[in-house]
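Take a moment to turn the structure around on your screen. The report below walks through some of its strands, a core and a pocket.

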Amino acid sequence: MHFQAKVITVLAATSLVLSAACGDDGEASSTATVTATATASATATVTGTGEATETGETSETTASSDPTTGASETSTASETATETGTATESTTEGTTEGTTEGLGCGACDQPNQSCVDDVCVTSCQGQDPDPCAPGQVCDVLSGECQDAGATCTLSGASEVCDDQLCGPGSVCDGQGACIAVAPCSAVTCTDEGACWGSLCACEREVECEEASADLLNGPFANDIVGIDFADDCNAWSVTLSGGQEFLRRMTPGGELSTWGGIGDYDQGEVRVLRKLTIPQAKLPPEERFAAEAPPPVAVEGLGEVALTYICCPTCGSCNNNPSARGVARLDEANMNMPLPIVLFAEATQGMGPFANKWLDGGPQGLSWGEDRILYVGNQTANGDYNSADLEKGTVDVEYKFDARVTASAPISSVHILVGLIGGGLYRFNTATKEAEFVVDLMSDITSLSHDAFTGDVYASLADLDVVRVRPFTGEVSDFATMPSKGRVAVSPSGKLWFTPVKYVAPGVLSSWDLPASF
């Protein structure tokens, strides 16, 4: 499918000298001298309408001006080519004053079009395949062809989405619409359905800094097994110790808050509802063909915190206790029960990714959807992917995978990347309830964390590798190596934090810098 606005180019085999005034009421007085090959000589009426048609008409004109009367004599020969290849020729006669109007661009109102010097220019955005020369790509940020690999360039293939075509910065929602993904916060489409991401950024804007490593490695990290960050750079952790477990928060300034869990129920993961793209405060430069798209709508519940209770079926007080597993949400106003279970789980057990029955039991793969619904694996049985709608108070089985879920991370408003025991990655659509295989990482996955700037997902593996995954293409690249088994989490400041799972591998929290631009 090729989407390209029609631009009419006028080719003249004549010599024209025209003096015209612009920028007033649209009319201008002019004295024109035109030399052409037409042989007819007559007095003609000339009106500049600024209109162009697609019939293949060409005209040749001869004009002279009487300096004493101001009248002009013009001969016009018009030749129209028909579909059968025949042509007709006509001559018009008349008398008028020597005035013409500016041509303009006519209909030039698509988001990838701009009127430049009375010519409608169409950028490379929304064209598939792109019109760029070999060795170049269409950059949807600027609408210009750039060298492949150039900095601040967003390019790539388009995806058919029913009647739309989703270009770079957008993906199909599975229901016929293109939606924004990082690094873009909105989508722009032509009338013909060619879409691409808009309100994008090619440099990471850091609005806050989390607490230092020294502060995070203090009491915040006692018995830590999971970590996450909120958009305000607050750090959150959960514990597994064999005694009472705790949810902890550390502010960027180092202030520590603690909430006690239910009894000695073991905790596994902590997740904060975060933005999936970084809203851009500034529109792209004026010289770019950028859409005037509205900023993203604020997501209700940003900053809410949830965690998992993962008691193994045969461990201590969790043995045969049907209420010792599930998903809890922080309720700071409830002093007596700040971490109540909102989604109870059946007793399930796995053999990985930590090869420890205390860590590998119960629900795993906790995520917030942008719809403010909690998603988690193994709540009703190994491989079940379940949801808890906090507003409706409902619990559902969303999908049944063939293996136990170990990690997941939201990647768009309707997509969640889900990791299975063994290393398989699937892209689950919360709207269509379908899952699509992405890639096999060939090792158990301990955590997945999404970068709202680039859209990449970082996966920590049981073999200690950390890899970067492009969740909509399946591209995988090596990123780092963990010092021991643990989990990773992206912070808003542009760091990827490693936390040891201290129940099996003591260690310290540390971080790697993420790309500041692309």
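Strand E31, residues 415-420, runs antiparallel to E32, and five bridges join the two. Within this pair, Gly-419 has Leu-425 of E32 standing opposite. Keep in mind as you look that this is a predicted model.

E31 and E32 belong to an open sheet of four strands, arranged in the order E30-E31-E32-E33 with antiparallel pairing. Which strands stand at the edges? They are E30 (405-410) and E33, and each has a single partner strand, so one side of each is left without a neighbour in the sheet. On average, and ignoring direction, neighbouring strands in this sheet are turned by 25 degrees against each other.

To find one of the contacts, look for His-450, whose bridge partner in E35 is Val-457.

Now move to strand E18, residues 224-229. Is this strand mostly covered or mostly open? Mostly covered: six of its six residues are buried. E18 runs antiparallel to E19 (residues 235-239), with five bridges between them. The hairpin of E18 and E19 has five residues between the strands, and Cys-233 takes a positive phi there, near 75 degrees.

Here are the strand pairs again, side by side.

| Strand pair | Bridges | Partner residues |
|---|---|---|
| E18 and E19 | five bridges | Phe-229 and Ala-235 |

Next comes the largest nonpolar core, which has 24 residues. Among those with the most contacts inside it are Trp-236, Leu-307 and Tyr-309. The elements giving two or more residues to this core are E19, E22 (267-272) and E23 (305-310). Which of them gives the largest share? That is E23, with four residues.

The loop between E22 and E23 holds Leu-273. This leucine has 2% relative accessibility; buried means under 20%, so Leu-273 counts as buried. Leu-273 and Ala-306 are 33 residues apart in sequence, and their C-alpha atoms are 8.5 Å apart in space.

Finally, consider empty space. Rolling a probe the size of a water molecule over the atoms shows where such space is left. In this model, the second largest pocket holds about 1,100 Å³. Its lining counts 41 residues, and Val-171, Val-181, Arg-470, Phe-472 and Thr-473 lie nearest its centre. What classes of residue make up the lining? There are 16 nonpolar, 16 polar and nine charged residues.

How values were computed: Residues are numbered from 1 along each chain as its sequence is written. This is a predicted model: local features need pLDDT of at least 70, side-chain atom pairs count only at pLDDT 80 or more; totals for chains, interfaces and linings use all residues. Side-chain values use heavy atoms; hydrogens and water are left out. On a 1 Å grid over the protein atoms alone, a cavity is a set of points where a 1.4 Å probe fits but cannot get out, and a pocket is an open set with protein on both sides within 12 Å along at least five of seven lines; lining residues have an atom within 4 Å of a point. Grid points are joined across faces, edges and corners, and a volume is the space filled by probe spheres set on the points. Ala, Val, Leu, Ile, Met, Phe, Trp, Tyr, Cys and Pro count as nonpolar, Asp, Glu, Lys and Arg as charged, and the others, Gly among them, as polar. Two strands pair if DSSP finds at least two bridges between them. Buried means under 20% relative accessible area, exposed over 50%, partly exposed in between (1.4 Å probe, protein chains only). A nonpolar core is a set of buried Ala, Val, Leu, Ile, Met, Phe, Trp, Tyr and Cys residues joined through side-chain atoms within 4.5 Å. Axes are lines fitted to C-alpha atoms, for helices over the stretch in contact, and angles run from 0 to 180 degrees between N-to-C directions.
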